[in-house]
Amino acid sequence: MGGRLLSVLLLLPVLGLAGCAVSQPQDRIEDRLRANDTAGALEAAERLDSRRNQALYRLERGMLLRFDGDLQGSVDEFEQAKTLLGQLEPISLSETVTDWAVAETADTYQASVHERLLLHVMQMLNFLELGDVQAARVEALQVDLGLRRVDPVDGAAPHGGDAFARYLSGIVFEGSGDRSDALIAYRRAAQRYQALNQPVPRDLQVSLLRLLDALGLPDERDRWAETFGITSWRPAAPDTGRLLLIVQSGLGPRLVEGTVATQDPRTGQLYRISLPSVRRQGDPTTALRITADDRQADGERVESVHASVDRWLDARIPLLTARALSRNVVRHQVSAQARDEHAGLGVLVNLVGFLFEQADTRLWRTLPDSLWMARLDLPAGEYEPEFRISRRGGRDEAVQPGAVTIEPGGLVVRTVTVR
Amino acid sequence: MMRQLRMLGVAWAMLVLLAGCATQVDRVGEGETEDLTGRWNDRDSKLVSEEMVGDMLDRPWLERHINNSADEPTVIVGEIRNLSDEHISTNAFIRDIERELINSGRITFVADRGEREAIRQEREDQGLHAREDTRNPAGMELGADYMLTGTINTIRDVEGRTEVAYYQVNLALTSLSDNTRVWVGQKEIRKVIRRGLFRS
């Protein structure tokens, strides 16, 4: 009876403590980003610097440095993240046992496939903005290599994120003069957008048709033209270059913990199951346009990060539920044995186990909710473009990125962040 | 007594565990290979540059050039493109090639475009500020006879946890007078990477 009373008294502070340990630094990063204080966000990210969260720390820092305009610093952080994630590929027996018997949050953070793809996407954008198309090409090849490892037959990512990675790879291959590689990437991108039930971006449709034309594949061109409902398109002029605008829109989704707790009225034993769920933070962008001289191009959403996170978590929930049940069974047995020794010890063991039962809510949270893209083909020369971003609520924002020099066959990339 | 022994055992186990956490640094010789990841590394760069430059200097173009012009050829290293799926420092590879070429003593080597600009600026500066008898005049540069260009490619084959990485380095020496290729070399490195199933 005394054990039951003790456990009920301790329940409230225990519930208060549970769940706040892991997400606090990331909440702080998010708060600072909302206040447009990237320096403060970088400072907050330092609290993630632990052996367990090392890859996550590098990913968050890489993204924050990218927001801050330190592209080379971002490249270095992302390269370190890649190395760490490669080292974490083998299975850790101790962590696997811990996941099933002790706690979900005790193991080392490992990025999901869509996060790894977005790591390459961000690295490609970093290199393109630094004007290093060859290094961006390396990233495009790593996207293909990584996807072939995940799915040797189709090279598809299980929860999405690969359509835009392929699309951007195609742009990079075209920019480095590898037209056949670009065609393969564009083709795979279009197929993946279709498979994921997402609209194929208009620019990708035209790029694919242009390349099929240029490489002398009229049958396939006609099939795609019919699929897209396009009857005419302009071939790319040889003396033109490209201006690419990427909008990193909104704050990425977060995982929040949902808990079900109950108590056995006979023994006072506490049971708890905590599972994560996705909370979307919204995409503030509704439309996008680039204007340079008398030319203009509209953009569209090319990547929905939240959709990939939704699919990834949906696929994981059965495993996470099974592990949570397994941990409750283990704790029940251990508490019962401890209670046989001493009633107080049984209560203590039960409460410690209860406290440890937390959902793993770690996620690369500095990613945007969505990526938007607009591409404008321009004759070689100097331009003062304007980017117009329409936001939810009817507000329009005009951004002047300064002068850009377009070279024949060249690619100039600029990024705007909208929160 | 038993209690003291148990405490001693626990303390010893903790010491053993903590000893494994200490940072350890081992200094390795320049020639020793530390292939940690299976990726292109400094040793690959040195091996390939040594072998390819050796092959280049053993070919008949060199003797033909000396017979025709009665002077050793002047070479410049142009672009070496990284077409692989790794971020390879082509600058480091170019430096290794340059070192091998210069140390062979059989060719004259001239600075690349970027370095030449810096040297010209220094010469201009000398023209203004250096003592007259120590100035180096403009217009005395040595033009290269040949340009060395190339590519680094990779092909990967992955099956389960085993990966075969095949690096292919292609170099070509082209005459700047008439664009003829006087030498083409190829060096391949094959690495088998077996990734463990488990980690600690």
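This is a predicted model: local features need pLDDT of at least 70, side-chain atom pairs count only at pLDDT 80 or more; totals for chains, interfaces and linings use all residues.
The crossing of helices H2(B) and H4(B) is right-handed.

Two packed helices are described by the angle between their axes and the distance between the axes. Helix H2 of chain B covers residues 42-57 and helix H4 of chain B covers residues 90-104; they pack at an angle of about 40°, and their axes lie 9 Å apart. Angles under 35 degrees count as roughly parallel and 65 to 115 as roughly perpendicular; H2(B) and H4(B) are therefore oblique to each other. On the H2(B) side, the contact is made by B:Ser45, B:Lys46, B:Ser49, B:Glu50, B:Val53 and B:Leu57. H4(B) contributes B:Ala92, B:Phe93, B:Asp96, B:Ile97, B:Glu100, B:Leu101 and B:Ser104.

**Overall features of chain A**

Chain A contains 14 helices and 13 strands. Its C-alpha atoms fill a box of roughly 85 × 45 × 35 Å along the principal axes. Of the 419 residues in chain A, 42% are buried. When contacts in chain A between residues at least 6 apart in sequence are considered, 71% of them join residues at least 24 apart.

In soluble globular proteins, nonpolar side chains tend to be buried together. The largest nonpolar core in this model has 88 residues, and the members that touch the most others are A:Val121, A:Met124, A:Tyr167, A:Tyr186, A:Leu244 and A:Leu245. Helix H7 of chain A, residues 113-129, supplies the largest share of this core, with 10 residues. Another core, of 21 residues, lies apart from it; its members include B:Met52, B:Ile76, B:Leu148 and B:Tyr167.

Which residues does A:Met124 contact, leaving aside its neighbours within four places in sequence? They are A:Ala136, A:Glu139, A:Ala140, A:Leu168 and A:Val172.

**A four-stranded sheet in chain A**

Strands of a sheet pair through backbone hydrogen bonds, either parallel or antiparallel. In chain A, 4 strands form an open sheet in the order E6-E5-E10-E11, with antiparallel pairing. Strand E6 (295-298) and strand E11 (396-399) of chain A are the edge strands, each pairing on one side only. From one strand to the next, the twist averages 20°.

**Hairpins and positive phi values**

Most residues other than glycine have a negative phi, and most peptide bonds are trans. Both hairpins described here include a turn residue with a positive phi. Strands E5(A) and E6(A) form a hairpin with 2 residues between the strands, and A:Asp293 takes a positive phi near 55° there. A:Asp293 is not a glycine and is placed in the loop between strand E5 (285-292) and E6 of chain A. Is A:Asp293 buried or exposed? A:Asp293 is exposed, because 11 other C-beta atoms lie within 10 Å, and a residue with 12 or fewer is classed as exposed.

**The loop between H10 and H11 of chain A**

A:Asn197 and A:Gln198 both belong to the loop between helices H10 and H11 of chain A. Helix H10 spans 179-195 and helix H11 spans 202-214. The phi of A:Asn197 is near 55°, a positive value in a residue other than glycine. A:Asn197 has 8 C-beta neighbours inside 10 Å and therefore counts as exposed. A:Gln198, with 17 such neighbours inside 10 Å, counts as partly exposed.

Leaving aside neighbours within four places in sequence, A:Gln198 is in contact with A:Ala163 and A:Tyr193. A:Glu174 lies 24 residues from A:Gln198 along the chain, and the C-alpha atoms of these two residues are separated by 24 Å.

Conventions:
Residues are numbered from 1 along each chain as its sequence is written. Chains are lettered from A and ligands numbered from 1 in the order in which they are written. A nonpolar core is a set of buried Ala, Val, Leu, Ile, Met, Phe, Trp, Tyr and Cys residues joined through C-beta atoms within 7 Å. A residue is buried if 20 or more other C-beta atoms lie within 10 Å of its own, exposed if 12 or fewer, and partly exposed in between; C-beta atoms are placed from the backbone. Two residues are in contact if their C-beta atoms, placed from the backbone, lie within 7 Å. Two strands pair if DSSP finds at least two bridges between them. Axes are lines fitted to C-alpha atoms, for helices over the stretch in contact, and angles run from 0 to 180 degrees between N-to-C directions. Angles under 35 degrees count as roughly parallel, over 145 as roughly antiparallel, 65 to 115 as roughly perpendicular and the rest as oblique. A crossing is left-handed if the near helix is turned anticlockwise from the far one by less than a right angle, and right-handed if clockwise.
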